[in-house]
Amino acid sequence: MSRAKPEDDEYWNSSKFKAFTFDDDDDEFSRLKESKRAVNSILVDDDDDDDDEDDVERVSWSGEPVGSISWSVKETASSIRSGSEQSFPKIDTTPSLSKQGSGYSLSSLFKAKSKPFQSLSESFSDTSVRTYAPELRKPKSDGKDFVSDLSPEETVRRMQKGRAFSLEKFRSLQDKLLLLDEAVAVYDGNVITAVLIYLKKSLNKEILFRELMTRDVALRHYVHYLKEMGEQKLLVELLKALGRTEDMALMQYKEHLNIKDEGRRRDFLKSCLSLSFSQDDATHVQDHYTLLERQIIIEASDKKAGAEIFKKFPRKASILNMPIITTLYYSCFYHYGEPEGTFSSPSNIRKTFRISEKQYILTALGARAKLKSWFDVDSLFNTKNWLGYTKKRSPIGFHRVVDILQKNSAPVNVLQEYVNLIDDPELKLSVALKYKCHDVVINTYRDLKDRQELVVYREKLERDSPEYRKIQELLNNVVRGSEPPLLSHLLINSEEKS
């Protein structure tokens, strides 16, 4: 099919093959005219596009056939390049397509026959050309943070300032020790710990232990670090390598805290008995093992016990893993009076664990007073002299006994009995006034021969009460010849004060 002459002129004028001209190639106006001609040519040939498709091959301004794959990709790429092609590279992942499969040509952008007009942004949404954001390079100034030839001193200085650093370059043992010595020299605990963590990862533990033996500051930091991180096994190995057997034994003993099962904990404590403890620590570990073993026996027995005291006062908690004083209190509460041969006997526990008399009296007194067992309370203080006479004696002072009895709601007659046992008159009077032991107060004022205080105290009592009448009788018994010597002295003192 031959072209008409006007069409030939339009074709050659829109071609890249044009005659020489003195006009500037970059002239904006010339380029606009060429664009207009190309668009008009496409619009004119739109109606017979299908007929001419096979006979005439249309080319773009660059000489490429319009509608070809290469032309479509270049068209799309040129549009993208106009925006941000310089910053975002493209990756073409489209497989080879046939000519009919290409949807990008100038005709497809301007024709509305097959589908509605699409914007360039919508057309590009289907393109096979994908853009990727490039990696952002670090500023050149930051490159200095990763210089591999930094000395130990410079590396430590950067660590102190919080700047980026790398410890991986220190590969030889000599370099690593120089780095550690430099960290110790600046007296910065964080830097020392950071270097020690690196050495822990990169050195054999035997070598690290050997080098730490001559560096006390680093060693203390390393021991503290292992304690904080809970690396007990490694810490025990370190202490053993250092020859600190007692510290190693104590660290291993502390492992019992992580054992929940009482039977396994008992067995673990038994295995600790052979460790190299000091004398005092060895005694403590032995007592701990013995106590837990006894608690397991008592607990198993009391769970099945059907005694009346367990029904009247049910147990509120298990006795397992309780301190020795709590165990003694439990024994005095539930097993008081048992033979000394039984494990739950208070006297057996006292003897086995070498509990002092003072501590035993305080604990047993609290337990028996809680049960209102005043007879057992009396038995705690009853002693016999060499003549066979019974006398009350207390290693803790009877004023403390009165305090404990009053907290457990002891009756007044019991309180007064122990208040009268206080030797110091002023302390006795003070305790009697505090707990309103009227008979003790009256008798004390009588013994002090203080009539005026008796009168004052009488006014604090209720009329017709037994204590009021007792004071009144003492004050009214002034008959000559029959007055007791005490009242005559009270009268004389009263006249002297007036």
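This report walks through a predicted model of one protein chain, from its overall make-up to a few individual residues.

## The chain as a whole

Let's start with the big picture. The chain has 498 residues, and 32% of them are buried. Its secondary structure comes to 27 helices and four strands. If you look at contacts between residues at least 6 apart in sequence, 52% of them join residues at least 24 apart.

Now find helix α19, which runs through residues 357–370. Its 14 residues reach 20 Å from the first C-alpha to the last, close to the 20 Å expected at 1.5 Å a residue. The buried residues of this helix are Y360, I361, T363, A364, L365, G366, A367, R368 and A369. Among the elements that cover them are α17 (324–334), α18 (346–352), α20 (374–381) and α21 (398–407). Just after α19, K372 takes a positive phi of about 60°.

The largest nonpolar core of the model has 51 residues, and those with the most contacts inside it are L365, F381, V401, L405 and Y418. Helix α19 gives this core its largest share, six residues. Apart from this core lies another, of 31 residues, including L203, F209, L238 and L239.

Take a closer look at Y418. Setting aside neighbours within four places in sequence, Y418 is in contact with V377, D378, F381, K392, F398, V401, V402 and L405.

## A serine in a loop

Between α17 and α18 there is a loop, and S344 sits in it. Is S344 buried or exposed? With a relative accessible area of 11%, S344 falls under the 20% cut-off, so it counts as buried.

The side chains of S344 and E338 are joined by a polar contact of 2.6 Å. Not counting residues up to four places away in sequence, S344 touches I298, S331, H335, E338 and I349.

Helix α13 covers residues 245–253, and its buried residues include M248, A249, M251 and Y253. What covers the buried residues of α13 includes α11 (216–229), α12 (232–241), α14 (262–272) and α15 (279–304).

Further along, helix α24 (residues 438–448) holds V441. V441 is buried, with a relative accessible area of 0%. Leaving out neighbours within four places in sequence, V441 is in contact with L429, A432, L433 and Y457. V441 and V431 are ten residues apart along the chain, and 9.3 Å separates their C-alpha atoms.

## Cysteines and disulfides

How many disulfides does the model have? A disulfide is counted when two cysteine sulfur atoms lie within 2.5 Å, and by this rule the count comes to zero.

Key:
Residues are numbered from 1 along each chain as its sequence is written. This is a predicted model: local features need pLDDT of at least 70, side-chain atom pairs count only at pLDDT 80 or more; totals for chains, interfaces and linings use all residues. Side-chain values use heavy atoms; hydrogens and water are left out. Helices (H or I, at least four residues) and strands (E, at least two) are DSSP runs, numbered from the N terminus. The expected span of a helix is 1.5 Å times one less than its number of residues. Buried means under 20% relative accessible area, exposed over 50%, partly exposed in between (1.4 Å probe, protein chains only). Contact means heavy atoms within 4.5 Å. A nonpolar core is a set of buried Ala, Val, Leu, Ile, Met, Phe, Trp, Tyr and Cys residues joined through side-chain atoms within 4.5 Å. A polar contact is a pair of N or O atoms within 3.5 Å; within protein, one must be able to donate a hydrogen and the other to accept it, and residues adjacent in sequence count only if both atoms are side-chain atoms.
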